[in-house]
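Student: Can you walk me through this one? I'd like the ligand site, the helix packing and a few single residues.

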Amino acid sequence: MTFTDSQAGVRSLETVQLTKRFGGVTAVDAATVTFQHGKVNALIGPNGSGKTTFFNCVTGMIKPDAGQVTYRGNDITRQPSHRIARAGIGRSFQLCRIFPRMTVLENMLVPVRATTLRAQLARSGSRDDIDRAREWMTRVGIEHLESTEARNLSYGQQKLLELAGVLMADPETIMLDEPAGGVNPALIGRISTLVRQLNREGKTFLIVEHNMDLVMSLSDHVIVFDRGRLIAEGPPAVVKTDRKVLEAYLGV
Ligand SMILES: Nc1ncnc2c1ncn2[C@@H]1O[C@H](COP(=O)(O)OP(=O)(O)O)[C@@H](O)[C@H]1O
Ligand SMILES: [Mg+2]
């Protein structure tokens, strides 16, 4: 991916010694991670290695027990999720977060940025929002489903809807938790093309993904977790052959 001069040296999302425990389990264990601004970053690791918990701590869904999260040099540790969203970080969920009985268009208009009910009522459904919603629906390829209730979409289409919803807030950084999980190959191809295009348009990505072909072909920088700890990072070709990574995955 191209890395323009204006983006060189820009600080992205960083964590220092980020830690989250659940009872006796340390899900994220003193993770110090730097993501690259303007790039496609992948976070990989075996099941239960703390990837989703890491995402949840970074985006304010849960509070870390220790450590810091900074975004572009600003401390965002323990800030409420709407503040983190406003700082420019959008995210999807491993399991879709959509309203099943609302139509696709209605789901798109659930404001991501508005923080009060009054602001939501004032915002939802303005001409401008509907136009933007249609643009993003077209971009992800679900415009023909505008009036369909979300529960009638295939799982892959629901993932595309969730991605389009994230894009409505125009985030500078987009965190995707297993965007290809449970999605058929044709839609995986579409998601992958979209990520590439959006990255070229300047969006930074942080992607948790199990599909190794997708990770290796899409990402510029790979970070590997095992039992809540960072065990390797670097370009995909380097990480792929790292001994610690092979051990974590293959148990050899
Ligand atoms: N809400 C929770 N309560 C208790 N344990 C949890 C909770 N969420 C995650 N865990 C545990 O934390 C560890 C990391 O889980 P998770 O972050 O979901 O990993 P990953 O996304 O890499 O599969 C696992 O051992 C999991 O069982
Ligand atoms: Mg997970």
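Tutor: We'll take the conventions, then the ligand, then the helices and some single residues. This is a predicted model, where local features need pLDDT of at least 70, side-chain atom pairs count only at pLDDT 80 or more, and totals for chains, interfaces and linings use all residues. Residues are numbered from 1 along each chain as its sequence is written, chains are lettered from A and ligands numbered from 1 in the order in which they are written, and side-chain values use heavy atoms, with hydrogens and water left out.

Student: Which residues surround ligand 1?

Tutor: F22, V25, A27, P46, N47, G48, S49, G50, K51, T52 and T53. To be near, a residue needs one of its heavy atoms within 4 Å of the molecule or strand.

Student: And which side-chain atom of T52 lies 2.9 Å from an oxygen atom of the ligand, polar or nonpolar?

Tutor: A polar one. In the side chain of K51, an N or O atom is 2.7 Å from an oxygen atom of ligand 1. S49 uses its backbone: a polar atom there is 3.2 Å from a ligand oxygen. A polar contact is a pair of N or O atoms within 3.5 Å; within protein, one must be able to donate a hydrogen and the other to accept it, and residues adjacent in sequence count only if both atoms are side-chain atoms.

Student: What about helix α1 (residues 51-58), how many of its residues are buried?

Tutor: 7 of the 8, so α1 is largely enclosed by the rest of the structure. They are K51, T53, F54, F55, N56, C57 and V58. Buried is under 20% relative accessible area, exposed over 50%, partly exposed in between (1.4 Å probe, protein chains only). Helices are DSSP runs of H or I with at least four residues, strands are runs of E with at least two, and both are numbered from the N terminus.

Student: What follows α1?

Tutor: G60, with a positive phi near 80 degrees.

Student: Switching to packing. At what angle do α5 and α7 pack?

Tutor: About 125 degrees, with the axes of α5 (residues 127-140) and α7 (residues 185-200) 10 Å apart. That makes the pair oblique. The classes are: under 35 degrees roughly parallel, over 145 roughly antiparallel, 65 to 115 roughly perpendicular, the rest oblique. Axes are lines fitted to C-alpha atoms, for helices over the stretch in contact, and angles run from 0 to 180 degrees between N-to-C directions.

Student: Which residues make the contact?

Tutor: W136, R139 and V140 from α5, and R190, L194, Q197 and L198 from α7. Contact means heavy atoms within 4.5 Å.

Student: Is M168 buried or exposed?

Tutor: Buried, at 8% relative accessible area. M168 belongs to helix α6 (residues 155-168). Beyond neighbours within four places in sequence, M168 touches M108, L109, D129, R132, A133 and W136. A133 is 35 residues away in sequence, yet 6.7 Å away C-alpha to C-alpha.

Student: And where is V110?

Tutor: In the loop between α3 (104-109) and α4 (117-123). V110 is partly exposed, at 29%. Its C-alpha is 9.5 Å from that of M168, 58 residues apart in sequence. Setting aside neighbours within four places, V110 is in contact with F99 and M102.

Student: Next, T173. Which side chain does its own side chain contact?

Tutor: That of Y71, a polar contact at 2.7 Å. T173 sits in strand β7 (residues 173-177) and is buried, at 0%. Leaving out neighbours within four places, T173 is in contact with Y71, G88, I89, G90, T204 and L206.

Student: Which residue has a positive phi although it is not a glycine?

Tutor: R78, at about 60 degrees. R78 lies in the loop between β5 (74-75) and α2 (81-86), partly exposed at 41%. D170 also has a positive phi without being glycine, near 50 degrees. D170 is in the loop between α6 and β7 and is partly exposed at 48%.

Student: Why pick those out?

Tutor: Because most residues other than glycine have a negative phi.

Student: Last one. What happens at the start of α10?

Tutor: A side-chain oxygen of D242 comes within 2.8 Å of the backbone nitrogen of K244, at the start of α10 (residues 243-250). Just after α10, G251 has a positive phi of about 65 degrees.
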